[in-house]
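These questions and answers concern one protein chain. The model shown is predicted.

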Amino acid sequence: MTCPASLQCLGPAESPPPPSAAPEAMTTLRVLVGEDPPFTYHTTGLDGNVTSAGYAIDVLKVLAKEVGFRYQLEWLQGTQFGVQLENGSWTGMIRQLQDGGADLALSWFALNPSRLQVMDFLDEVPIRTYWNALFVRQTSRFQTESMLGALTKPLGVDVWLSLLATLLVVSLVLWLVLRASRSEPPESRRDYSPGACLLSIYGGFMMQGYVRTPASAAGRIVVISHWAMCIIVYATYTAQLASFLTATNVSPLLSSVDQVATQTQYPLVVDKTSASVEAMRLSSDAAYRALYRRIIHNDNVLDMSLMASQGRDVVPDDAVLYLDYDRLVYYLRERSCLYQPVVEVNYKHNPAYVGARRGLPQKPALNRALRKMTESGLLQRLWKRHFVSSFVCEQAAAAPSLGADQLQAILLVVPFGTAAALLWVLAECGWRRCQPRQIPWPPSPPSEDLGWHQYIDPSARAVIGRRRNAWHRANGKFD
């Protein structure tokens, strides 16, 4: 096969015939291949022999075995998908397929109406899926907050309002429970005034003790549930505060497509023959059309083939890369963790297909073989062999403020404890109401300095006074 003048060929490579087929009965397909690792790439040995490798090369070998054909590879410099010129003619691989100079283009073509007019595709099964985006390197800096902002930001506003409501509600419930519980001694009732209850609950938030530990079970339920919530909230707040003090804000060098189009001091790495570049020209967004003009005018634009031929070190740190995510990870490896899309991406995976000349007789058989590879999982296994990365990006992201929905299980401790305490008090009152009132007789009054009348409720005290007076009259103790 002779190299067309419109392409830069690096060397041919022929495939051996399948073992089960007679070489003279085999059809030889002419296949165009671009240097696009790990999709397709080649190495030239000291003896001049070209060794082909890559995901698409492995797929081609399986197709040749399944369908029964030989192939002759024609290596091109770069991907060279091809672009449509102003006069309507095409360049690159598409031009060769249109002119019949090749049977297949072993690359990943996106379908669009203009391409369908001049070429065909193995369009039943995509050879891969991709999503393109503008990627730019991130810059990191420590978060700067005011003292008040740094202390309050670990928890959301709804959490702080919930804690304030808890402070007021629990204080009121504790005061009511201590007043209603009959097993609470008078000292606790005297010490736990409304202000003292509020101060005690606030002290619990500050990890301080109470004025006096309640003696009644209902009061202790309120205190224990409040302590449990305070300990968990305190630990969560401390962990969040440490995250905010050590976290960094990550922001991109550029934050919009318009900035990429106008700030040409940042190099732009792109494959000009990609269908995504052609889509910019027809975009309804003026920013993408401006970006297309920058690419066409070669305004500080680097060819994607430089990364394929010279490696990742050729990419400057301040460069903007327009490519699909899989190629970004493959080319830059661990450095890809430092890049993020310039604008928010919807991560729509677009299908890409192998290109073919129109009227190729082997197209139905090739489509069936590709479908069989997909259904058996072979296509996915070949993809993982070449594209799956062996590293994991670990970036310290800024910790978000915790909201009430995330702390719901913690904040519900106090309402459950409060409800349990109130139910205990009601059960206690109901139990005492069912028991007959026992009034000791004859009473033996203690000394006055003990304040014995404080231990008897007013109704019982009146009954005791009347009976005591009647007993004294009956025994002649009154004159």
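Q: Is the crossing of α1 and α15 left-handed or right-handed?
A: The helices concerned are α1, residues 55-68, and α15, residues 378-387, whose axes come within 9 Å. They cross at roughly 150°. The crossing of α1 and α15 is right-handed.

Q: How is α1 oriented to α15, roughly antiparallel or roughly parallel?
A: The axes of α1 and α15 cross at roughly 150°. Angles over 145 degrees count as roughly antiparallel. Therefore α1 is, relative to α15, roughly antiparallel.

Q: Which residues in α1 meet α15?
A: On the α15 side, the contact involves Leu-378, Leu-379, Leu-382, Trp-383, Arg-385, His-386 and Phe-387. The residues of this contact divide into 8 nonpolar, 1 polar and 2 charged. From α1, the residues that meet them are Tyr-55, Asp-58, Val-59 and Val-62.

Q: How is α14 oriented to α15, roughly perpendicular or roughly parallel?
A: Helix α14 spans residues 363-376, and its axis comes within 5 Å of that of α15. The two axes cross at roughly 75°. Angles of 65 to 115 degrees count as roughly perpendicular, so α14 is, relative to α15, roughly perpendicular.

Q: Which residues of α14 make the contact with α15?
A: Helix α15 contributes Leu-378, Leu-379, Arg-381 and Leu-382. The residues of the contact of α14 with α15 divide into 4 nonpolar, 2 polar and 1 charged. The residues on the α14 side are Met-373, Thr-374 and Ser-376.

Q: Which residues of α2 are buried?
A: Helix α2 covers residues 92-99. What covers its buried residues includes the strands β2 (28-34), β5 (70-76), β6 (104-109) and β15 (350-356), as well as helix α3 (113-116). Buried here means under 20% relative accessible area. The buried residues of α2 are Gly-92, Met-93, Ile-94, Gln-96 and Leu-97.

Q: Which residue takes a positive phi just after α2?
A: Helix α2 runs over residues 92-99. Just after this helix, a phi of about 80° is found. The residue that takes it is Gly-100.

Q: What percentage of contacts between residues at least 6 apart in sequence join residues at least 24 apart?
A: The protein chain has 18 helices and 15 strands. Contact here means heavy atoms within 4.5 Å. Among contacts between residues at least 6 apart in sequence, the share joining residues at least 24 apart is 75%.

Notes. Residues numbered from 1 in each chain as written. Predicted model: local features only at pLDDT ≥ 70, side-chain atom pairs only at ≥ 80, totals over all residues. Heavy atoms only, no water. Axes fitted to C-alpha atoms, helices over the stretch in contact; angles between N-to-C directions. Helix = DSSP H or I, 4+ residues; strand = E, 2+ residues; numbered from the N terminus. Parallel < 35°, antiparallel > 145°, perpendicular 65-115°, else oblique. Left-handed = near helix turned anticlockwise from the far one by under 90°. Nonpolar A, V, L, I, M, F, W, Y, C, P; charged D, E, K, R; others polar. Buried < 20%, exposed > 50% of the residue type's maximum accessible area, 1.4 Å probe, protein only.
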